Amino acid sequence: MAHRRRGVGVGRAGAAAYKKKAEELNAVNLESAMETVQKLETKLSDFAKVHKNEIQLDPAFRAKFLQMCALLGVDILSSEKGFWGKLGMGDFFYELSVKVAEVCLASRSRNGGIIRVGEVNEILSQRGTRFKFANSSKSKKTSYSDDDIITAVKKLSALGSGFRTVTVGRSVMIISVPEELDGDHMQILNLAQDDSHGSYGVITIRDIKATLSWDEDRCERALQKLMGKGMVWLDINNDGKKSYWFPSLWKMNT
Amino acid sequence: MASSNNKPRRWSPLTCLGTTNLSPSGLIQLESDAGEVETQCRTNCELRYEGSGPLPKPVDNSSGFTDFWTAIDVNLSCHVTTHRIVLVDEKESIAGSIPYPLVHTAEGKGGPSFRSPKASYKIELNTLAWGELLIVFRGGERHPYSQSGKDRDAALTAIHRAQKRKAWEDRERQAAKEAARPSQTITARKVGVDAIMTKNKLLLKENANLAETAFGGNNKTTKHVSKKKGNQEDIDAFMREATPLLKVIQKYTSTIERERRAAASSNNDAAKQHNDTEKLVAMLENMGMTSALSEKQSGSMYHKQLARQIVDFLRHNDKLTKAGGMMTLTDVYCLFNRARGTNMISPDDLLKALDLMKDLGLGMSRRSFQSSGVLVIQDDAFDDEVMAKKLADLASSSMKQKAEPIDDIGGITVIDVSRTLKIPALLANEQLQSAEQMGWLCRDSTIEGMRYFPNLFQAATSC
């Protein structure tokens, strides 16, 4: 009966033996962990070598690849120096993020710091030469997809100037100022974007009251805030009717 | 750069080598138009001269030296480039170079032997100008001895490769090759338009060939179309193989956490485990899996060098001073990457480099504004008080000139400040807000925007 109290197997030796066993297991674990990482590294570099061309030229493939890496928890663009520098993706995205930043800056006086991703894409493809890099050897036009631009903006957000994306209805907007836009503003933007109420990109206080059932005060406050930031333009016609225009939602003529 | 003129220079092997100019932040200035590139860099090295008697002082500047000769320089970093070997004493900001044309042989010496199991790893350089010089590698902090072996081997391979390549003779070789190209020789015999057209055709053909050989064959482009379908399957196949591996790694991240905590509390035999954990974390970070928690690294060599490069870039042509002593990180990022063209840096790299700037004492640092979270790089000489006073003066002077008392109410806006001081609107906004907090300005917020006026309350209460 007495031995029963002591326990059986390893438990008999006591806590010290447990600890030793645990350490042994840990050592084995760590070694195999490192082996696994190395195995993964070789697999990834083989993949990268084979598909390097694809990734650089085809935006669809690129998007899929980035998605895969996101699922795996790997951030390809975190550093040029690391393992992923071999892919050459870094240069592509950093160049794109610089271009996007410049486009946003150039249009800030017009739209107050909020711009559609589609518009950025159009500007880049139409006036591409103005933003071209001096050493860029790509004579063929690199086509950027909207997803590429969104990834580039995500990377820029680390620099603290308030770069971020926000979804308004059907389109994605890039905000390049650190100003905050709260729920009311977003709703108004959504409404302006909606074709079914009034014309596209314009809004009157009556529209807001009709759809969102806000009171006069609330509408005024939100619109004035947006005006102060330069994101909305006020238009008073001869009858004194006020309409509010959103330059960021206008589409460029093709 | 270097030591000031009144302090006597140390008389040691380093100062007797070829003069090397360092940039304001301590980086070597490579001759990029000659195609010089740095291939290796190792720290914790020593330079020794084994000959009897001292080395002769350099011819161009033989005065200003101390009379005392020391045969050993310690705590140097050894940079191997394609054209020379440069040794830098970072603390004193002096450097010396040994060009390859002057190096007869470079051999590895030292390492464990029967009699001295822990003899240091060295490279013995047989030079034509300075006799026999010894570069000794002292290794890193963790594994000094094995690290020094690796350092020595890496440096030696780089040196041998550079010697074989003879990059300094590239210019002449290039010129000779140009002259020998068929496009040149053939068209030497033709005349007029015919010559020009033939030359063009041949040139294009040669360039195409070059491109092909450089990129290892063009079988990819012909197969591109048919391979499109195959790509999706490739990705799927890859995902299938990689996912289980990734899951395993994620399991180990929790192990790492445990190890870290264990290592922190008990530091005797958990030490060995700790090292392996660190190695694993380093590997994961290299792969970009930063979610595997990285503690604050002491700053890799790459980021330290990047920090210096950024500082050099901003000081060149006084970019930072012209911008008012302060620049948003986005601006720095865009300017720096545009200047680089290729081999660009990521935003994360920029942030890491900025963190190191303060410790390296380079005269600039990162600053974040509390209210809006805007990040800027700021010259250490920048003073908030000075800027606030400047803005207060601007505001007061705007009150004086009143052409139409009704339309012009004075006061300054963000746009005014931005235009006058030539700083971006974002920063103007921040400066105005901080000036207001310090009590120099008062704000007036209307639907027309924000105007700032000199703080008359302050002036009123003081008198």
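This is a predicted model: local features need pLDDT of at least 70, side-chain atom pairs count only at pLDDT 80 or more; totals for chains, interfaces and linings use all residues.
**Exercise 1. Find which residues of helix α11 (residues 347–360) of chain B are buried, then check the helix's length.**

Step 1: Buried means under 20% relative accessible area, exposed means over 50%, and partly exposed is in between (1.4 Å probe, protein chains only). Helices (H or I, at least four residues) and strands (E, at least two) are DSSP runs, numbered from the N terminus.

Step 2: list the buried ones. In α11(B) they are B:Pro347, B:Asp349, B:Leu350, B:Leu351, B:Ala353, B:Leu354, B:Leu356 and B:Met357. Here's a handy thing to keep in mind: an α-helix has 3.6 residues a turn, so residues three or four places apart point the same way.

Step 3: check the length. The expected span is 1.5 Å times one less than the number of residues. For the 14 residues of α11(B) that comes to 20 Å, and the end C-alpha atoms are 20 Å apart, so the two agree.

Step 4: look just past the end.

Residues are numbered from 1 along each chain as its sequence is written, chains are lettered from A and ligands numbered from 1 in the order in which they are written, and side-chain values use heavy atoms, with hydrogens and water left out.

**Exercise 2. Work out how strand β9 (residues 121–127) of chain B is paired and whether it is enclosed.**

Step 1: find the partners. Two strands pair if DSSP finds at least two bridges between them. Strand β8 (residues 103–110) of chain B pairs with β9(B) in the antiparallel sense over seven bridges. Strand β10 (residues 131–137) of chain B also pairs with β9(B) in the antiparallel sense, over seven bridges.

Step 2: pick out single pairs. B:Thr127 in β9(B) stands opposite B:Val103, while B:Glu124 has B:Leu134 in β10(B) as its bridge partner.

Step 3: trace the link. β9(B) and β10(B) make a hairpin, with three residues between them.

Step 4: check burial. Six of the seven residues of β9(B) are buried, so the strand is largely enclosed by the rest of the structure.

**Exercise 3. Describe the open sheet of chain A and the helices that pack on it.**

Step 1: order the strands. Three of them run β1-β3-β2, with antiparallel pairing. At the edges sit β1 (114–116) and β2 (164–168), each pairing on one side only. From one strand to the next, the twist averages 35°.

Step 2: zoom in on a pair. β1(A) and strand β3 (residues 171–175) share three bridges, and A:Ile115 is partnered by A:Ile174 in β3(A).

Step 3: Contact means heavy atoms within 4.5 Å. Angles run from 0 to 180 degrees between N-to-C directions, with axes fitted to C-alpha atoms, for helices over the stretch in contact. Helix α6 (residues 117–126) of chain A touches β1 and β3, at about 75° to β1(A). Helix α8 (residues 183–193) of chain A touches β1, β2 and β3, at about 55° to β2(A).

**Exercise 4. Locate B:Ser12 and say what it touches.**

Step 1: B:Ser12 lies in the loop between β1 (9–11) and α1 (13–16) of chain B.

Step 2: check burial. B:Ser12 has 0% relative accessibility, so it counts as buried.

Step 3: name the contacts. Beyond its neighbours within four places in sequence, B:Ser12 is in contact with B:Trp69, B:Thr70 and B:Asp73.
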